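Look at the model first, then work through the questions.

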Amino acid sequence: MKPIPTLEAASGLRLIMRRIKAILRPVDFITDRARQYGDFYQLKLKNAPPTVMTSNPQAIENIFTASTDKFEVGRGNKMLTFLVGDNSLLLLDGKEHKNRRRLLMPPFHGESLQKCSDQIVAITNKVIADWQPNKAFTVRPVMQEITLRVMLSVVFGIDSGTRYDRLRELLTALLDIFNTPLSSSFMFFSFLQKDWGKFSPWGRFLLLKQEIRQLIYAEIAERRELLASGTSGLRDIFSLLLLAKDENGEGMTDEELHDELITLLFAGHETTASALAWLFYWIHYLPEVQDKLRFELDSVGENPDYKTINNLTYLDAIVSETLRIYPIVAGAFGRILTQPISVMGYDLEPKTWLMVSIYSLHHREDLYPDPEQFKPERFLQKTYSPYEYIPFGGGNRRCIGSALALLEMKLVTTTVLSRFQLDLTSNHPLFPVRRGLTLAPPSSFKMRIKNKLA
Ligand code: HEM
């Protein structure tokens, strides 16, 4: 058997220092590791199963195409239970995972996106309705307001009302607890997860989570009544989940429904908000990119439909490059082997964790020459395989919201550009910082409204 290049992991204080670097300077940490140890290596921690880290396209193909019974993923995602509960898709495996995905996928794909597209444009217009020239604004809250409203509307089918407003406020407040690299530490060090009352971060998190829970349970009870009386003709995801039955004819419990709804809300809006903030940064940091985009938009005339926007080649390349250079999720979910498999000729034992580094893959010089440069053209010149370009992961865990996220990025951008000219308040380059489990532009990133166009 070929031996795998192995890195004996640090212990004690050195281990803690490494973790702190991974939390506070995630990009440096990932880049240094890839530079030092290459694209396929094993990490050995004391008293823990081996972890294989890879950013090699062939290894990624082996992992994403392996039979799904060779891995479990839910156990690896256990650290997310505090946010999404025990019944979330993220925590499921095997048949349960497959059935839940089958239920959740259709509303995020195909023709269902047409309905979403009207909502996305209407919501964007509503959020930017009061924008005035010469005003500066912080980018993240704006993008987050748009994407949260979109997710609430797509998932819950509601976009107004006291419960909706309160839910929006609470979800935003809850996620803002993780808005700095330091506060993100709660996720990684369980000893920090201590309830010291409502003024302590963890205490505040628990209070907000409890109130969100009560609101969602109240909404579930109301929907169940409506469905029982036959008065609900709702076709949103919430109603689909309420109506779904397993093979024994059993519907989902309130707890299962709550956990799935929370999963979609969190997974769907945080990520897309960061992606949109980067997209706005790049098209304003590089004026030539914006010029080409505006030229492409002019070529389709006024009020193009969502399919036309979705098919614009340069816009598509900008979106792809945005998610390449600074992927929002730096690594795919850990895959824990349940059976031996061979990856790139190495025999891997059960219990091994397989970690795919999206960031390092996207920064490979052999695939992406000048990887630190933002060059949408690379996506016009070459088609990347699903093992070379993976902002949404892959295999049976590939993101279920990818089509919606891409469409949202395109529609929000084109809606804003058609009505305003913006610029950056500073020309200093931005680099990703940790935001919870994701990488995002710094929360201080600001832009200015230059002109109103329409
Ligand atoms: C730019 C935006 C987004 C990015 C970059 C992103 C990225 C990802 C990644 C990397 C994964 C893990 C895949 C793997 O391990 O192979 C994932 C999973 C997932 N994403 Fe997204 N995502 C985005 C938007 C969304 C949206 C809009 C939704 C809501 C519909 C969503 C829902 C999910 C869910 C439910 C999973 C778990 C899938 C499973 O376990 O089977 N994501 N996403």
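Q: How far is an oxygen atom of the ligand from an N or O atom in the side chain of Arg335?

A: A polar contact here is a pair of N or O atoms within 3.5 Å. For Arg335, the distance to a ligand oxygen is 2.8 Å. This is a predicted model, where local features need pLDDT of at least 70, side-chain atom pairs count only at pLDDT 80 or more, and totals for chains, interfaces and linings use all residues. Residues are numbered from 1 along each chain as its sequence is written, and side-chain values use heavy atoms, without hydrogens and water.

Q: Which polar backbone atom is 2.9 Å from an oxygen atom of the ligand?

A: One of Gly394. The side chain of Arg397 also has an N or O atom 3.1 Å from a ligand oxygen.

Q: Which residues come nearest to the ligand?

A: A residue counts as near if one of its heavy atoms lies within 4 Å. The ligand has 27 residues around it, and His97, Arg101, Phe333, Arg335 and Cys399 come nearest.

Q: Which helix gives the most to the shell around the ligand?

A: Helices are DSSP runs (H or I, at least four residues), numbered from the N terminus. Here α12 leads, with 5 residues. Both α5 (94-104) and α12 (254-285) supply at least two.

Q: How do the residues of the shell divide?

A: Ala, Val, Leu, Ile, Met, Phe, Trp, Tyr, Cys and Pro count as nonpolar; Asp, Glu, Lys and Arg as charged; the others, Gly among them, as polar. The shell has 16 nonpolar, 8 polar and 3 charged residues.

Note on methods. A polar contact is a pair of N or O atoms within 3.5 Å; within protein, one must be able to donate a hydrogen and the other to accept it, and residues adjacent in sequence count only if both atoms are side-chain atoms.
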